[in-house]
Every structure is written in C-alpha cells, then in structure tokens.
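This report describes selected features of one protein model. Please look at the sequence and the structure below before reading on.

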Amino acid sequence: MMKRLLIVMVSTGLLFGSCVSKKEYAALEAKQKKTQDLLNTATVKLNACEADKAAAMARITSLEERVAELKKDKNELIQSSKDLTILTQQGATNLEKSLESLKEKDLKISRLQDALTKKDSVTLALVTSLKKEVGLDDKDIEINVEKGVVFISLSDKVLFRSGSYNLSSRANEILGKVATVINSKPDFEALVEGHTDNVPYKKGVLEDNWDLSAKRSTAVVRKLMELGANPAQLIAAGRSQYVPLVPNDTKENKSTNRRTKIYILPKIDQFYEMIETEMKTLEAQDGGGI
C-alpha cells in the first residue's frame with residue numbers, strides 16, 4: 001500500500017511539472033522498503049506468538065479442568081464425611097490423609113503448570129533467537145515448533161548436492177549460524193535427523209536410503225562440530241524414506257521430503273530438575289510442609 005501511494009505521489013509530481021531528483025527518489029524508495037521489511041518481520045513474529053499462545057492456553061485449560069475435577073472430588077468427600085454420624089479414630093485419620101492427598105495433588109498440578117509455562121517461555125525465546133540468527137528469507141528453511149519442540153527444517157537443496165551426502169558450500173554459512181545458537185544454549189541438545197524420498201539408493205558403500213539419511217545426518221553433525229558446536233550436545237539420526245511430509249508422487253513432493261531436521265531439545269533431566277526446584281522452593285516458603 002505504501003509503495004502504491006509513493007508511485008501516485010511521484011506520478012502526480014511529474015504531471016504538474018515538478019522534478020524529484022534521483023537521490024530523493026532513491027531515498028524514498030529505500031525508506032518504503034525498510035518499512036515493508038519491518039512490517040513483514042513484525043507479522044511473522046506476531047503469528048508465531050499467537051500460535052504459541054494458543055498452544056499454551058490449551059494446556060492451561062486442560063490443567064484447570066483437572067484441578068476442577070480434583071476440587072469436586074474433595075468437596076464430595078467432605079460432604080460424605082458430614083453425613084456420617086460416628087467416625088472411628090481410624091476413619092477420621094484416613095479421611096484426613098485423603099484430604100491431604102488431594103491438597104498435594106492440587107499443589108503439584110499448580111507447580112507443574114508453572115514449570116510448563118516457563119518451558120513455553122524458553123521455547124518462544126529460542127524460536128525468536130533462531131529466526132533472528134538464521135533468517136526467514138529462504139523458502140527452503142523452516143523454523144517452527146512441533147509438539148512443544150523447536151526445530152529447523154532444511155531442504156536438501158540447501159545442504160547437499162543431489163544424491164550425495166557431501167555438504168554444499170552454502171552449508172557452511174547456514175550451519176555456522178545454527179552452531180552459534182546451539183553454543184548459546186548449553187542446557188539444550190541438537191538432534192540432527194536425515195530424511196530421503198522413496199527413490200531406491202545404492203552407491204559405493206551405501207546400501208539404501210537408511211544409509212544415505214544417516215550419512216547426511218552425520219555429515220551435518222561433523223560440520224556443526226567443525227564450526228564450533230559442542231559435540232556432547234549433538235545427536236545424529238537417519239529416518240530414511242519412512243516419515244514423508246507429502247506423498248512421493250511428483251518431483252516437487254520428492255524434493256519436499258528430502259530434508260534435514262535439526263531439533264533443539266531441552267535436556268529432560270534438567271526439565272524435571274526445574275519442577276523439583278519449584279516444589280522445594282514452595283515447601284521452604286510454607287515452612288517445610290504443606
């Protein structure tokens with residue numbers, strides 16, 4: 001819209017005999033391009049945030065429903081106790097334990113929800129960092145979230161020559177940026193996953209698409225190490241032809257299925273550590289008990 005307005009303004013100026021220097025025109029055109037780039041970037045970030053928000057809200061809704069069920073159970077248990085005329089000492093003790101158990105479950109769900117919220121915040125920050133570092137201008141590069149896990153999907157055209165596991169010259173630039181992000185997240189691991197189409201492959205020591213996908217994955221891992229990534233954070237895996245994105249029925253679809261995915265994964269033991277820390281913190285605030 002802004003560019004159309006600029007064209008109309010320039011055309012009007014020419015019709016009335018006014019002269020706009022090439023320098024001024026170039027400046028206006030550069031300003032318009034910068035504005036449009038900013039708008040595009042903002043739109044992408046907004047869409048990512050809205051998707052993450054929707055996923056988070058769905059998780060929160062599920063947890064709230066579970067909490068409501070537990071509260072309902074607790075209320076029914078309390079009501080049942082009121083209907084009893086005589087309670088033995090053992091019965092009273094069991095009832096108290098049941099109520100305490102329900103309280104503990106409510107508490108654990110609440111702390112788990114807090115931990116999940118923190119994890120979602122880390123995920124969003126990681127996506128933003130990757131998009132900023134790697135860029136969004138290439139249609140053969142996708143950065144997104146899948147089942148709560150951040151991933152980068154790279155077309156084989158970006159990394160490899162056709163039918164080969166030797167990396168292209170362009171791979172240095174892209175994988176260098178990925179290595180930078182991995183190094184900035186020492187508490188995360190990078191799972192490199194190779195995928196092929198369904199065309200049978202046999203060349204040299206490679207027997208089939210399993211070999212090719214695994215060889216491409218290890219080639220990427222070695223390059224990431226060469227570019228400075230910590231090898232202790234890297235995992236190589238081959239998926240062959242068995243996880244296609246689309247049917248392998250056209251040349252374009254086969255090209256889509258030939259890809260390398262790099263998952264940026266939080267270390268699972270540290271995720272549980274985060275939950276345990278939250279629980280200990282709450283217990284300390286309550287004086288060591290519930």
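In this predicted model, the cover over the buried residues of helix α6 includes α4 (156-159), α5 (169-183), β3 (188-195), β4 (234-238) and β5 (259-266). The buried residues themselves are N209, L212, S213, R216, S217, A219, V220, V221, K223 and L224.

Helix α6 covers residues 209-226, and its 18 residues should span 26 Å at 1.5 Å a residue; the end C-alpha atoms lie 25 Å apart, which agrees. At the start of α6, D208 brings a side-chain oxygen to within 3.1 Å of the backbone nitrogen of W210. Just after the helix, G228 has a positive phi of about 110 degrees.

Strands β1 (residues 141-146) and β2 (residues 149-155) run antiparallel and are joined by six bridges. E142 lies opposite S153 in β2. Two residues separate the strands in this hairpin, where K147 takes a positive phi near 55 degrees.

Which aromatic residues pair up with F151? A search of the whole structure finds two aromatic pairs. In one of them, the ring centres of F151 and Y263 are 6.1 Å apart and the planes meet at 50 degrees, so the pair is tilted. F151 belongs to strand β2 and Y263 to strand β5, so that the pair links distant parts of the chain, 112 residues apart. Both F151 and Y263 are buried. The ring of F151 also has the charged end of K261 over it.

| Partner of F151 | Distance to or between ring centres |
|---|---|
| Y263 ring | 6.1 Å, centre to centre |

Technical notes. Residues are numbered from 1 along each chain as its sequence is written. This is a predicted model: local features need pLDDT of at least 70, side-chain atom pairs count only at pLDDT 80 or more; totals for chains, interfaces and linings use all residues. Side-chain values use heavy atoms; hydrogens and water are left out. Two strands pair if DSSP finds at least two bridges between them. Helices (H or I, at least four residues) and strands (E, at least two) are DSSP runs, numbered from the N terminus. The expected span of a helix is 1.5 Å times one less than its number of residues. Buried means under 20% relative accessible area, exposed over 50%, partly exposed in between (1.4 Å probe, protein chains only). Contact means heavy atoms within 4.5 Å. A polar contact is a pair of N or O atoms within 3.5 Å; within protein, one must be able to donate a hydrogen and the other to accept it, and residues adjacent in sequence count only if both atoms are side-chain atoms. Rings of Phe, Tyr and Trp (its six-membered ring) pair if their centres lie within 6.5 Å; planes under 30 degrees apart count as stacked, over 60 as edge-to-face and the rest as tilted. A charge sits over a ring if NZ of Lys or CZ of Arg is within 6 Å of the ring centre and within 35 degrees of the ring normal.
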